[in-house]
Amino acid sequence: MTEQEQQLLLEIADDELILGWRDSEWTGIAPLLEEDVAFSSIAQNEIGHARALYELVARERGITADELAFDRTPDEYRCAQIVELRLLDWEKTIARHYLYEEADAKRLAQLKGSENAAIAGLAAKIDREEVYHRMHAQMWHDRLREEPRYTAALAELRPLLEQRGDHTSELPELWEEMTMVRRSQPAGTKW
Amino acid sequence: MIYEVFRQERKGQPFQHAGSVEAADDHFADVYAREQYGRRGESTALWIVPRSAVMEIHEFVDELNRNYHRVDGYPLKEKLKEARDRAGTAATAGDR
């Protein structure tokens with residue numbers, strides 16, 4: 001696997017891990033019970049995808065997925081700013097969900113054509129779950145597309161899809177929370 | 001709107017009530033029902049029905065009291081007990 005491929009996989013894995021974390025923040029408080037179930041399930045899927053992607057890269061580097069997920073500093077994460085935001089407005093959550101799934105679909109389609117069989121195979125597997133995420137995002141998009149609050153949220157968040165490298169101040173806060181348990185034990189602890 | 005969801009576990013088996021989802025329209029109901037009852041291989045098919053489309057019957061009037069149409073129309077238990085009591089009494093009387 002080339003260094004470039006590893007970077008791309010890490011980029012996707014970081015997006016999925018952080019977005020999965022953010023989506024999970026709706027568990028128990030989504031505006032509808034059905035959305036509580038849907039967002040919790042999507043969050044679980046995204047974190048599962050992150051793990052599988054980290055594992056591919058970790059194998060190349062002779063380390064573990066957990067080390068990639070939790071032992072880097074916030075600066076080293078490659079995620080886009082759009083996934084970092086703690087968004088409690090429903091219209092923004094849906095706008096981010098739609099924008100992300102749209103962009104993720106394109107990226108996965110490319111990855112499915114990879115010459116590396118492990119990468120192509122994993123992309124195909126991930127894409128089978130993403131189909132449900134896209135259906136969910138699309139139905140909301142179709143319903144809200146004329147709503148000014150929603151279109152404003154789309155316009156505000158779209159540029160953040162491309163913002164990688166720099167992070168918002170929300171990532172270090174999330175990182176503290178996300179890695180707290182792991183950091184509480186000495187390095188090398190078997191979980 | 002409330003939709004009732006029925007699922008079929010395996011081909012050829014009857015559909016059974018799985019639960020309900022609250023959804024803004026048919027499209028949302030479709031996605032929610034798939035999410036909650038279909039996407040983990042637990043169903044081969046789903047029926048999704050607006051609750052308002054379900055005809056309900058709760059009262060079953062039996063004006064002529066023709067309970068002999070039913071298998072429980074003859075409560076045998078009571079009659080049997082009476083018969084046993086009678087027989088028991090008769091037997092005891094005979095012993096004397």
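Angles between axes under 35 degrees count as roughly parallel, over 145 as roughly antiparallel, 65 to 115 as roughly perpendicular and the rest as oblique. The model is predicted: local features need pLDDT of at least 70, side-chain atom pairs count only at pLDDT 80 or more, and totals for chains, interfaces and linings use all residues. Residues are numbered from 1 along each chain as its sequence is written, while chains are lettered from A and ligands numbered from 1 in the order in which they are written.

Helix 2 (residues 33–61) of chain A and helix 1 (residues 26–37) of chain B have axes that come within 10 Å and cross at roughly 60°. Axes here are lines fitted to C-alpha atoms, for helices over the stretch in contact, with angles from 0 to 180 degrees between N-to-C directions; helices (H or I, at least four residues) and strands (E, at least two) are DSSP runs, numbered from the N terminus. Helix 2 of chain A and helix 1 of chain B are therefore oblique to each other. From helix 2 of chain A, the contact (C-beta atoms, placed from the backbone, within 7 Å) involves A:Glu34, A:Val37, A:Ala38 and A:Ser41, and from helix 1 of chain B it involves B:Tyr32, B:Glu35 and B:Gln36.

Chain B also holds an open sheet of three strands in the order 2-1-3, with antiparallel pairing; two strands pair if DSSP finds at least two bridges between them. Strand 2 (16–22) and strand 3 (45–50) of chain B are the edge strands, each pairing on one side only. The twist averages 25° from one strand to the next. Strand 1 (residues 2–8) of chain B pairs with strand 2 of chain B in the antiparallel sense over six bridges, and B:Val5 stands opposite B:Gly19 in strand 2 of chain B.

Notes
Contact = placed C-beta atoms within 7 Å.
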